[in-house]
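Open the structure in your viewer and keep the selection tool at hand. Each stop below says what to select and what is there.

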Amino acid sequence: MALIESILARPYWRQKLWAWWYPFFTRRVRAQGIDFLNYAFETNPPLRIPLAPEDERNRPNIQLYHFVASHASLSGKKILEVSGGHGGGASYLTRTFHPQQYIAMDLNAEAVAYSQKKHILPNLKFQQGDAMALPFADETFDVVINVEASHCYPDFARFLREVSRVLKPEGCFLYADLRYPSGEEEWMNDLFHTSALRVDSMRLINPEVVRGMELNTERYQTMVTQSLPKFLHPLAFDFAGVKGSRLYRDAVSGTLSYRFLKLKKSKVP
Ligand SMILES: C[S@@+](CC[C@H](N)C(=O)[O-])C[C@H]1O[C@@H](n2cnc3c(N)ncnc32)[C@H](O)[C@@H]1O
């Protein structure tokens with residue numbers, strides 16, 4: 001664990017580790033039809049959003065996307081999702097909120113190929129790309145979405161500047177992710193001071209994410225034991241946030257903070 005933590009603390013090696021891990025993970029789980037890679041979300045009392053029968057198994061993960069996306073209107077808009085993973089969130093949001101166009105981008109080419117085969121909708125497109133250099137022209141999108149991925153990036157401030165660049169004036173950035181205390185000060189400084197984006201609202205969502213982790217524990221335990229070699233199980237249980245893992249306990253205690261933020265780009269640059 002200490003070795004992994006010291007690797008994750010260094011931007012260059014963090015980038016290398018995640019760039020190796022996610023394609024490896026996709027190859028291991030794609031036969032199981034895993035469409036989400038997040039810790040999920042549930043309120044108390046339960047959110048109970050209406051879902052199609054085929055979405056029910058992913059309810060806790062969908063609810064994280066639903067919560068994040070419900071802070072702006074997506075209908076008829078041009079949406080970019082950075083780090084869309086296996087595309088489940090992109091598919092759900094496209095079917096539910098009817099954007100004009102939804103592009104979900106990810107560094108992991110295996111995830112993009114999986115999504116292109118699995119989630120086929122006329123206004124939804126998946127493409128490969130790096131959050132550090134978004135492959136889009138300035139002022140292209142009305143809304144940018146980013147769910148539980150920025151902790152993988154080597155330079156978060158650079159990502160925010162990229163988001164700001166591709167957003168239209170008055171565009172909106174909907175964002176959720178986690179940090180340990182060692183990264184919290186830099187995280188907040190980047191969010192509040194390093195780009196043309198202005199924080200509109202911020203909420204700590206640890207209790208909702210913890211409930212999501214609890215709802216997914218059994219499923220994620222099965223996924224890990226069926227897909228990964230035994231020596232990786234302890235690390236993978238932590239990665240998956242199953243009940244009792246260190247990551248789960250840190251989310252319960254508040255050692256780790258999981259936040260939602262809405263940021264806006266101003267009218268005039
Ligand atoms: C925890 S997963 C979340 C995926 C998805 N948002 C979800 O909630 O299911 C993090 C994702 O970030 C992607 N990622 C990591 N580094 C990236 C980068 N530099 N640019 C784009 N995507 C990246 C990974 O490939 C992975 O799909």
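Predicted model: local features only at pLDDT ≥ 70, side-chain atom pairs only at ≥ 80, totals over all residues.

Residues are numbered from 1 along each chain as its sequence is written.

Now colour by secondary structure. The protein chain has ten helices and seven strands; helices (H or I, at least four residues) and strands (E, at least two) are DSSP runs, numbered from the N terminus.

Next, select Val68, Val143, Val144, Phe173, Leu174 and Val209. These have the most contacts inside the largest nonpolar core, which has 69 residues. A nonpolar core is a set of buried Ala, Val, Leu, Ile, Met, Phe, Trp, Tyr and Cys residues joined through C-beta atoms within 7 Å. Strand E5 gives the largest share of this core, seven residues.

Stay with Val144. Which residues does Val144 touch, not counting residues up to four places away in sequence? They are Leu80, Val82, Val163, Val166, Leu167 and Phe173, with contact meaning C-beta atoms, placed from the backbone, within 7 Å.

Move to helix H6, residues 156-166. Its buried residues are Phe156, Phe159, Leu160, Glu162, Val163, Ser164 and Val166. Among the elements that cover them are strand E4 (141-147), strand E5 (167-179) and helix H7 (181-193).

Then select Pro169, in strand E5. Pro169 counts as exposed because it has 12 C-beta neighbours inside 10 Å. Show Ser266 as well: the C-alpha atoms of Pro169 and Ser266 are separated by 5.8 Å, although the two residues are 97 apart along the chain.

Go to the loop between helix H2 (11-29) and helix H3 (59-69), where Pro45 sits. The peptide bond from Asn44 to Pro45 is cis, with omega near 0 degrees. Ala40 is in the loop between H2 and H3, and has a positive phi of about 80 degrees although it is not a glycine. Is Ala40 buried or exposed? Ala40 is buried, with 26 other C-beta atoms within 10 Å.

Finish at His98, in the loop between helix H4 (88-97) and strand E2 (101-106). His98 also is not a glycine, yet has a positive phi of about 50 degrees. His98 is partly exposed, with 13 other C-beta atoms within 10 Å.

Conventions. Buried ≥ 20, exposed ≤ 12 C-beta atoms within 10 Å, placed from the backbone. Contact = placed C-beta atoms within 7 Å.
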